[in-house]
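Please look over the sequence and the model shown here before reading on. The paragraphs below go through the structure one region at a time.

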Amino acid sequence: MSALIGVKKIQVRGAGILSLIDAMSLFRKQAQDMLDSHGLGSVVEDQWYPLQQVLDTFVSIEAKIGPNTIKAIGRNIPGRVLLPPHITTLEQALGTLDTAYRMNHRSEAGLGSYSYSSLGARSGQVISASPYPCSFDEGLLEGMSERFRPKDSLWLRIEHDERGCRKSGAASCRYRVTW
């Protein structure tokens, strides 16, 4: 699932894993069974767990339920994990994705990253070099965008640039966010 070197050494806070259960409320037993089968039986919000086990669980979820569930898990993340406290705008939220990622992951090896650049008024680009699948990142961006969307924004669009995608072996994926 990931080309990131050292992914087996990355750990994730339990809050991120618990968002998986929250997002799969209709399939709560299946979610817990899949977590159990990958060694994540009893998750505590502020404890650390191997990210590889979470990624393995995502593979099971995608195979048994589908990629939209992975996207729903990503959408649920911003309401569950640690975020920098000063965020009040969507642009700040997108600009601090990497900080939030590092608040909720740790490793002695590389973690991967998220970067943001503005493309003008109400538009920006996020580059994800994280070990997470594209559908998770799309959901994460939707969740952040919904949580911090400007009140005068009537719509939101997230476009995944399929050229140079991690699914095809690239080091990162690009997403254009427009609101």
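Which residues does Asp-137 touch, not counting residues up to four places away in sequence? They are Tyr-114, Ser-128, Ser-130, Tyr-132, Arg-166 and Tyr-175, where contact means heavy atoms within 4.5 Å. Asp-137 lies in helix 7; helices (H or I, at least four residues) and strands (E, at least two) are DSSP runs, numbered from the N terminus. Asp-137 counts as buried because its relative accessibility is 1%; buried means under 20% relative accessible area, exposed over 50%, and partly exposed in between, with a 1.4 Å probe and protein chains only.

Some conventions apply throughout. This is a predicted model, in which local features need pLDDT of at least 70 and side-chain atom pairs count only at pLDDT 80 or more, while totals for chains, interfaces and linings use all residues. Residues are numbered from 1 along each chain as its sequence is written, and side-chain values use heavy atoms, with hydrogens and water left out.

Ser-128, one of the contacts of Asp-137, has Cys-173 in strand 7 as its bridge partner. Strand 5 (residues 123-128) pairs with strand 7 (residues 173-178) in the antiparallel sense, over six bridges; two strands pair if DSSP finds at least two bridges between them. Strand 7 also pairs with strand 6 (residues 157-161), again antiparallel, over five bridges. There, Ile-158 stands opposite Val-177. Strands of a sheet pair through backbone hydrogen bonds, either parallel or antiparallel.

Arg-122 lies in the loop between strand 4 (114-120) and strand 5. Its phi is positive, about 60 degrees, although Arg-122 is not a glycine. Most residues other than glycine have a negative phi. Arg-122 counts as partly exposed because its relative accessibility is 30%.

Val-177 is also a contact of Leu-94, which touches Tyr-116, Val-126, Leu-141 and Trp-179 as well, not counting residues up to four places away in sequence. Leu-94 belongs to the largest nonpolar core, which has 48 residues; Leu-94, Leu-20, Phe-58 and Tyr-132 touch the most other members. A nonpolar core here is a set of buried Ala, Val, Leu, Ile, Met, Phe, Trp, Tyr and Cys residues joined through side-chain atoms within 4.5 Å. Helix 7 (residues 134-148) supplies the largest share of this core, six residues. In soluble globular proteins, nonpolar side chains tend to be buried together.

Next come the cysteines. A search of the whole structure finds zero disulfides, a disulfide being a pair of cysteine sulfur atoms within 2.5 Å. For Cys-134, the nearest cysteine sulfur is that of Cys-165, 3.4 Å away. Cys-134 is buried because its relative accessible area is 6%, and Cys-165 is buried because its relative accessible area is 1%.

Helix 7 gives the largest share of the lining, three residues. The pocket has a volume of about 190 Å³. On a 1 Å grid over the protein atoms alone, a pocket is an open set of points with protein on both sides within 12 Å along at least five of seven lines, whereas a cavity is a set of points where a 1.4 Å probe fits but cannot get out; lining residues have an atom within 4 Å of a point. Grid points are joined across faces, edges and corners, and a volume is the space filled by probe spheres set on the points.

The structure holds one cavity of 30 Å³ or more. The largest cavity has a volume of about 250 Å³. It is lined by 22 residues, of which Ile-77, Val-81, His-105, Phe-136 and Leu-140 lie nearest its centre. Helix 6 gives the most to this lining, with four residues.

Met-103 is found in helix 6 (residues 97-104) and counts as partly exposed because its relative accessibility is 29%. Leaving aside neighbours within four places in sequence, Met-103 is in contact with Arg-13, Trp-48, Leu-82, Leu-83 and Pro-84. Of these contacts, Arg-13 has Trp-48 in strand 2 as its bridge partner. Three bridges join strand 1 (residues 11-13) to strand 2, and the two run antiparallel. They belong to an open sheet of three strands in the order 2-1-3, with antiparallel pairing. Strand 2 (48-50) and strand 3 (105-106) are the edge strands, each pairing on one side only.
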